[in-house]
Amino acid sequence: MLTLDKIYHAAFVLKEIARRTDLIEAPLLSKDCRLYLKTENLQVTGSFKVRGAYYKISQLSEEERSKGVIACSAGNHAQGVALAATRKGIKSIVCMPDGAPIMKVENTKNLGAEVCLVPGTYDDAHDKAVELQAETGMTFIHPYDDELVIAGQGTIGLEILDQLPDLDAVIVPVGGGGLISGIAFTIKSLRPDVKVYGVQAAGAPSMYLSMKEHCYRTLDTASTFADGIQVKTPGELTYEMCEKYVDEMVTVSEDEIAAAILSLMENQKLVAEGAGAVPVAAALFHKLPIQGKKVVCVVSGGNIDVNILSRVITRGLIMSGRKSNLTIALEDKPGQLTRVSEIVASCGGNVVSVQYDGSDPNMPISSCFLKLGMETRDAAQIEQIRAELSKAGFQLVTERTC
C-alpha cells in the first residue's frame, strides 16, 4: 500500500539528488486563471523521472544491487535509472524504442547505462526488458506501475502544496500514469478539495479511454510526437489510483501541444518537450473548468529532440495564427502583386514568400495562382486580410498552412 509516510521518506532520500524545482507564476500564458508552472523540465536529467527511479533503486537490497537493474523507457526514465544506478554503483541496462530521440539515447549512455535499442514503440521496449530480466535476474525498474516509483513522483505533490498552499487545481501529463498517481494521491490525502486533472495526447489516449469507460484499456496503436506519453498500455496500479484520485482526464491534439511549446518558449523562456507541454495546452485551449482558479501545470520534462523542434515551432506558429499561406487566382498582368502586397501590408501582415504558378491546365493561359506565405499577428488578422482581398476583387482559392 502506498502511504504518505513513503512519500515523505522519498522526499528525504531525494534531497541528495533531486532539485526542489521552482514554481513560477505565468500570467502571460492564460487570462482565464492564475497559472503556475512546476518546472520539472529544469530537474536533474531534464525530467521528473529521476525522482521515482532514484527512490526505487535506493530501496533495493544488497543482493538486488549486486545483480544490477534493467528498465524500459522512451528516454526520460532511462536517464533517471542510469543516473541513479551509476550513483549507487549498480550496473544498468535500459531498453529504448529505436525511434527515441538521439539526445535521450546518448544522454542515457553518458550517464552510465548500457542501451538496448528495440524496433517499435515503448511497449515493444517493455517486452524486451521483461525478456532480458528473466534471462539475467536483474531487478526490473518499472517506469510507472510500481509503488516506490509512484512514491518518488509523489514528492512533487508535497512541493506544490508547500509552494502554493491555496491552489485550486493541478494539471498533470499522463502516459502510463505514474506521475499523476503520485501527485494525486499526495494532494488528495492532504488537500482533498484540490482538483487533480490529467492530460493525454489525443493520439495515445490509453488512460483517458480507460477512465471514460471505467475499464482497463490497451490501445492497438499510439501515435504522438510527445514521446514521453506515447504509451499503449497504462499501468494497472496507476489505473486504479487514477480512478480513485483523479477528477477528470482530457486529451489535446498535436497542434495544441505544439502551440503550448511555442507559448512556453516565447512567454516564459522555458523549453518543454511534448509531454511536458500537454498541461499547458489543456489550459490554453480551455479543456478544463479552471476559470478564475489558481492552477499549477506540471511541466514534466524539457528533453525535446532539436531535430523536430523547428517543425514544432512552425506548427505552433500556425496554430496561433502567426504563420499562414494564401492562394489567389488572378489574371497574370503587371501590378497584381503590388496591389496584393499593399492590402496585406495595410492590414499589418508581412509577406515572406511569393510563388507564381501558371502551370495548372485547368486555368486560362493568361491566369495564374499566386501563393503567398505570410507572418501575421493572430487568426483574426488572417481573416481581416482575406476579407480585404475579397473586397478588392481577388479570388481566394484556398488557405493553406505552412
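Which elements are included in what covers the buried residues of H9? The legends below refer to a predicted model.

**View 1. Helix H9 and its covering elements.** Helix H9 spans residues 206-213, and its buried residues are Ser 206, Met 207, Leu 209, Ser 210 and Met 211. Strand E8 (195-201), helix H10 (236-245) and strand E9 (248-252) are among the elements that cover these buried residues of H9. After H9 comes His 214, which has a positive phi, near 55°.

**View 2. Lining of the largest pocket.** The volume of the largest pocket is about 420 Å³. Its lining consists of 20 residues, and those nearest the centre are Leu 29, Ser 263, Asn 267, Leu 284 and Ser 320. Two or more lining residues each come from helix H11 (254-268), helix H12 (274-284) and helix H13 (306-319). H11 contributes the most to the lining of the largest pocket, giving five residues. Sorted by class, the lining of the largest pocket has eight nonpolar, six polar and six charged residues.

**View 3. Lining of the second largest pocket.** The second largest pocket has a volume of about 260 Å³. It is lined by 19 residues, with Gly 99, Ala 100, Pro 101, Asp 227 and Gln 230 closest to its centre. The lining of the second largest pocket is made up of eight nonpolar, seven polar and four charged residues.

Conventions:
Residues numbered from 1 in each chain as written. Predicted model: local features only at pLDDT ≥ 70, side-chain atom pairs only at ≥ 80, totals over all residues. Heavy atoms only, no water. 1 Å grid on protein atoms, 1.4 Å probe; cavity = no way out; pocket = protein on both sides within 12 Å on 5 of 7 lines; lining within 4 Å. Points joined across faces, edges and corners; volume = space filled by probe spheres on them. Helix = DSSP H or I, 4+ residues; strand = E, 2+ residues; numbered from the N terminus. Nonpolar A, V, L, I, M, F, W, Y, C, P; charged D, E, K, R; others polar. Buried < 20%, exposed > 50% of the residue type's maximum accessible area, 1.4 Å probe, protein only. Contact = heavy atoms within 4.5 Å.
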